[in-house]
Amino acid sequence: MSDQDTGHHVDPPGYGARPPLKDDGDKVKSSVLGIVAAVTLPFVLLAVFYGAFLILRDSDINRLLIVALALLIGVAGVFALYWVMNYSIDHLPERLRVRVRPWAFVGPALVFLSLYLVYPAINTVIISFKDSTSDGFVGFDNYVFVFTDEAMLRSIRNTLGWIIVVPAVSVGIGLAFAVLVDKLRRGEAVAKSLIFLPMAISFVAASIVWRFVYSFRPEGFGEQIGLLNSIWMGLGNDPVAWLLLEPWNNLLLMVIMIWLQTGFAMVILSAAIKGVPADIIEASRIDGANEFQVFRRITIPSILSTIVVVMTTAIITVMKVFDIVWVMTNGEFGTEVIAERMIRWFFRFGNNGRGAAIAVVLFVAIIPVMVFNVKRFKAEEAIR
Amino acid sequence: MTTVDTPTAVGKKMHHWYSNPWSKIVIVIMAIMWTIPTFGLIVSSFRTKEAVNTSGWWTAFALPMDWAQWTLENYETVLFSNGFGNAFLNSLAVTIPATVIPIAVAAFAAYAFAWMDFPGRNWLFVVVVGLLVVPLQMALIPLLRMYTSLSLNGTFLAVWLAHTGFGLPLAIYLLRNYIGTLPRSTIESAQIDGASHFDIFRRLVVPLSVPALASFAIFQFLWVWNDFLVALVFLGGTPDVRVLTLALVDLNGNRGEAWHLLTAGALITMILPLTVFFALQRYFVRGLTAGSVKG
């Protein structure tokens with residue numbers, strides 16, 4: 001190891017790795033070669049990436065080979081990218097190295113973020129002021145549409161309903177279950193897994209699961225095979241076409257989301273409950289508090305910040321949901337939601353302007369959550 | 001029995017009072033309510049078309065030994081006639097690279113955010129935190145246009161890159177929070193020994209961060225496998241690239257009342273995520289709590 005490196009030298013690249021040199025001639029030769037390599041390697045790598053891009057995009061070779069190639073590029077290629085950048089930086093003048101190196105580490109991620117989130121988001125705002133094919137500007141026409149079209153207004157009303165009902169119910173049930181299961185001597189893990197399990201299922205598959213539960217057959221089309229109708233008839237009622245039943249069908253769709261989300265809330269809250277110091281709880285019990293008082297005065301205040309986090313996460317998930325509505329009712333029968341309308345207008349009806357305006361409205365609605373998250377993050381960093 | 005209640009005795013008594021049968025009953029009822037929809041789906045997927053269409057799945061248990069009602073034919077039909085077999089392979093082809101690439105890119109960035117000094121580091125990370133909640137819908141239209149001009153639409157590459165972009169904020173956020181908690185002394189002593197950032201990252205940080213890398217990998221795997229929106233917009237429904245979620249939605253649209261097929265199809269889409277979930281639940285939960293609760 002080199003003795004030129006002192007403790008305060010933060011970025012000592014290359015020194016440790018460079019082999020000892022014999023004489024000046026060798027030194028010059030190797031450093032020239034190194035500089036040539038440092039300049040050419042990035043271009044070679046770029047060429048390789050471009051070639052891989054063309055192959056992956058255009059070739060009809062076997063899917064397995066394509067995946068193997070993608071993995072090779074994704075792992076070896078990405079690693080080579082960083083290695084080459086690092087190598088080239090090692091040959092920069094020393095003062096530059098320290099300044100440039102961090103950008104080699106964050107650079108690719110920043111490029112992805114800019115290309116896939118920041119730039120498109122800005123562009124979507126611009127598109128929202130243009131017509132359906134994004135050729136000419138139409139001012140606020142698309143926004144006027146968003147706030148006057150009947151289906152759009154219904155979708156805004158319904159999304160509000162989702163935001164109010166789903167997070168509250170799933171966090172409520174999740175909290176209750178977390179508290180109850182915490183006291184269990186045996187079977188806690190099994191009980192939690194069962195509630196948590198729907199988290200692994202796609203919204204699409206979950207929708208099929210519940211379409212089956214809500215299934216209805218008109219008279220003369222056979223037995224009712226849906227669980228809900230069978231229970232309903234067992235109570236002495238006539239079968240109901242649940243998904244056509246406005247406005248209650250919205251609630252039935254929300255049930256699916258609650259079913260999917262409760263496990264998430266429960267697991268997070270359960271972890272928080274286990275983090276409440278046992279001696280505080282013990283002390284309040286000795287002071288004569290009953291279990292409900294302990295829950296209300298100790299547990300709830302201790303996990304309040306976690307409850308807020310779980311709530312905001314649930315709100316964001318709910319605002320973006322579209323698959324459930326898409327699969328269950330296709331957005332008909334008064335079940336439209338904002339995210340579903342966006343895909344409908346942009347993808348099904350091919351109207352970029354309206355789709356973009358709906359997306360912007362959705363985004364603006366999420367901004368308060370975003371600000372809240374950033375504030376929370378900054379407060380946490382201050383404690384770190 | 002002692003007459004004086006010691007603190008622990010009080011605790012135990014309370015504990016005993018609390019684990020009364022009622023709370024157990026509530027737990028059991030909830031667990032059943034949460035499980036029964038999936039259970040009905042599984043049972044139905046193994047019943048014959050005839051049986052599924054003429055009676056509720058719960059009636060199967062009246063005569064469970066009546067073998068005539070059970071069959072594997074639904075799976076055979078769905079896998080080979082409805083293209084679910086092919087779609088399963090497509091889902092794998094989409095999911096594996098779309099899980100690996102963002103991890104590699106995010107890990108380097110997370111290391112820089114945690115252990116390197118550069119101007120704008122803090123506000124750039126705040127931007128990442130903000131991007132966590134940007135809805136996908138905000139990005140779809142310009143991306144589709146960009147992909148059209150690059151003729152990338154309908155290729156696996158398009159979806160891998162899109163999932164990389166969309167998955168990065170969470171990946172960077174989770175990994176940076178984890179990598180930032182590694183002991184400062186370890187990193188600094190490696191620096192004093194002359195190790196470059198690249199070496200420290202490769203030899204020290206990656207091996208130490210395996211739990212965080214694993215938990216994000218599971219997240220991203222489940223998210224990509226279960227995704228419908230990105231696949232619908234950028235990959236489309238042509239049979240040679242169609243993924244499982246799209247195959248299931250197609251089946252739902254064309255054969256909306258063919259419950260014997262829909263149930264089997266839905267279960268095929270669920271098998272892999274459920275296996276991953278049960279095998280690696282511990283990492284998954286750890287990732288969830290790390291992402292939402294400050295440890």
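**Talking through a predicted model**

Colleague: Where is the place of P247(A)?
Modeller: This is a predicted model, and we can begin with the helices on either side of this proline. One of them is α8 (227-234) and the other is α9 (248-274). P247(A) therefore has its place in the loop between α8 and α9 of chain A.

Colleague: Is S134(A) buried, exposed or partly exposed?
Modeller: S134(A) is in the loop between α3 and α4 (141-148) of chain A, and its phi is positive, about 65°, although it is not a glycine. Around S134(A) there are 19 other C-beta atoms within 10 Å. A residue is buried at 20 or more and exposed at 12 or fewer, so S134(A) is partly exposed.

Colleague: What is the phi of N330(A)?
Modeller: Most residues other than glycine have a negative phi. N330(A), in the loop between α12 (323-328) and α13 (338-348) of chain A, is not a glycine, yet its phi is positive. The value is about 60°.

Colleague: How many Å separate the centres of domain 1 of chain A and domain 2 of chain A?
Modeller: Domain 1 covers 24-127 and domain 2 covers 141-383. Taken over C-alpha atoms, their centres are separated by 41 Å.

Colleague: Which helix of chain A gives the largest share of the side that touches chain B?
Modeller: In total, 103 residues of chain A are in contact with 101 residues of chain B. One helix, residues 94-127, brings 17 residues to that side of chain A. That helix is α3.

Colleague: Are α3(A) and α8(B) roughly parallel, roughly antiparallel, roughly perpendicular or oblique to each other?
Modeller: Two packed helices are described by the angle between their axes and the distance between the axes. Here the axes are 9 Å apart and the angle is about 120°. Roughly perpendicular runs from 65 to 115 degrees, and roughly antiparallel needs over 145. The two helices are therefore oblique.

Colleague: How many charged residues are in the contact of α3(A) with α8(B)?
Modeller: From α3(A) come residues including F112(A) and L115(A), and from α8(B) residues including T164(B), G165(B) and F166(B). By class, 10 are nonpolar and two are polar.

Technical notes
Residues numbered from 1 in each chain as written. Chains lettered and ligands numbered in written order. Predicted model: local features only at pLDDT ≥ 70, side-chain atom pairs only at ≥ 80, totals over all residues. Domains from an automatic or database assignment. Contact = placed C-beta atoms within 7 Å. Helix = DSSP H or I, 4+ residues; strand = E, 2+ residues; numbered from the N terminus. Axes fitted to C-alpha atoms, helices over the stretch in contact; angles between N-to-C directions. Parallel < 35°, antiparallel > 145°, perpendicular 65-115°, else oblique. Nonpolar A, V, L, I, M, F, W, Y, C, P; charged D, E, K, R; others polar.
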